[in-house]
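Trainee: Before I use any of these labels, I would like to set each value against its definition. Could we go through them one at a time?

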Amino acid sequence: MKEIRHYLFFLVFTPLLMACCSDSDSNGPSDHPDTTSFFDDFDSFNSLVWNKETRDAGWTNNELQAYDPRHVSIGKDGDKTVLKLTAERRNGRILSGRVNTASTRTFHYGRIEAGIKLPKTNGGLWPAFWLLGDNGESWPACGEIDILEMGAQSGMTSGTSEQEVNMAIHFGASPSDHQSLNQKSVFAKSLQDGQYHIYALDRTPDSLTFSIDGEIVHTLSMSPSDKYFPYFDHPFYMVLNLAVGGDFTGIMSIDGITALQEGQKAVMYIDYIKITPANTK
């Protein structure tokens, strides 16, 4: 999920709508986020860390939902207390939830992981867990790392919506210079099976390693010799959202959304997010 989703193989450029930079890389009282572990199990909503977004429908990626803070909540899922991002179709509109840690919490080297339970995406839902660069630049010069995306048009076409997951990086000096490296993987089992799965990124000074439930899915070189390295040599902040429709799904009209009928809701549940810093010894 990015501020303007441009897949090289089928999407068309649209104007940039949001800068990626934040004002700080601290988490509350800590001035050294990359040497301090971070853990949030969402027993409550920490507004010192998480920002609830308000956005109009269509503000980016041709998405059909509007983002509304009331669709971000803490609630119960069985015996878990979790963060809930709820998409709701009501009175001909779709509202959903999106949060970020801009100006509050960043990640650079080490491991970041989240325990997430996804809704059934086939028919227009687009959940994502991703990072935007905190380097004072606008997209895509800030860099973007997508740890988890599901709901792609290709998965719907092939009948693998519950198994097809996308990971990517996005970069470039300007929107017209945007480039991306995408990794699409199709799992043998459903990732939308009503269970929580662990989506993780391990970052070292020379690589990015993506994994799901402990299984390495993709490793990408990230060394100074790589042309895209300058766009990723800085901290990144977190973004979680549940989009509906738009470029990634290939569904541009609310009439085409079958995953969410009038009066229905769909929820993306986040059990926890954890950052383990790199070994600094």
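Mentor: Let us begin with the cavity, which on a 1 Å grid over the protein atoms alone is a set of points where a 1.4 Å probe fits but cannot get out, its lining residues having an atom within 4 Å of a point. A volume is the space filled by probe spheres set on the points, and the grid points are joined across faces, edges and corners. This is a predicted model, in which local features need pLDDT of at least 70 and side-chain atom pairs count only at pLDDT 80 or more, while totals for chains, interfaces and linings use all residues. Residues are numbered from 1 along each chain as its sequence is written, and side-chain values use heavy atoms, with hydrogens and water left out.

Trainee: How much space lies in the largest cavity, and what lines it?

Mentor: The largest cavity holds about 30 Å³ of space, and its lining consists of Met167, Ala168, Ile169, Leu181, Gln183, Phe210, His218 and Leu220. Strand E12 (164-171), strand E13 (179-186) and strand E16 (215-221) each give two or more residues to that lining, strands being DSSP runs of at least two residues, numbered from the N terminus. The largest share, three residues, comes from E12.

Trainee: Why is Glu149 called buried?

Mentor: Buried means under 20% relative accessible area, and Glu149 has 0%, so the label applies. Glu149 is found in strand E11 (residues 144-149).

Trainee: What makes the approach of Glu149 to Trp126 a polar contact?

Mentor: The term asks for a pair of N or O atoms within 3.5 Å, one able to donate a hydrogen and the other to accept it, and residues adjacent in sequence count only if both atoms are side-chain atoms. The side chains of Glu149 and Trp126 make their contact at 3.3 Å.

Trainee: Which label does the aromatic pair of Phe42 and Trp50 take?

Mentor: Rings of Phe, Tyr and Trp (its six-membered ring) pair if their centres lie within 6.5 Å, and planes under 30 degrees apart count as stacked, over 60 as edge-to-face and the rest as tilted. The structure holds eight aromatic pairs. Phe42 and Trp50, at 5.7 Å centre to centre and 45° between the planes, form a tilted one, whereas Tyr228 and Phe232, at 6.4 Å and 85°, form an edge-to-face one. Phe42 and Trp50 are both buried, as are Tyr228 and Phe232.

Trainee: How do you know that the charged end of Lys117 sits over the ring of Tyr269?

Mentor: The criterion is NZ of Lys or CZ of Arg within 6 Å of the ring centre and within 35 degrees of the ring normal. The charged end of Lys117 sits over the Tyr269 ring, 4.7 Å from its centre, and Lys80 lies over the face of Tyr196 at 5.1 Å from the ring centre.

How values were computed: Helix = DSSP H or I, 4+ residues; strand = E, 2+ residues; numbered from the N terminus. Buried < 20%, exposed > 50% of the residue type's maximum accessible area, 1.4 Å probe, protein only. 1 Å grid on protein atoms, 1.4 Å probe; cavity = no way out; pocket = protein on both sides within 12 Å on 5 of 7 lines; lining within 4 Å.
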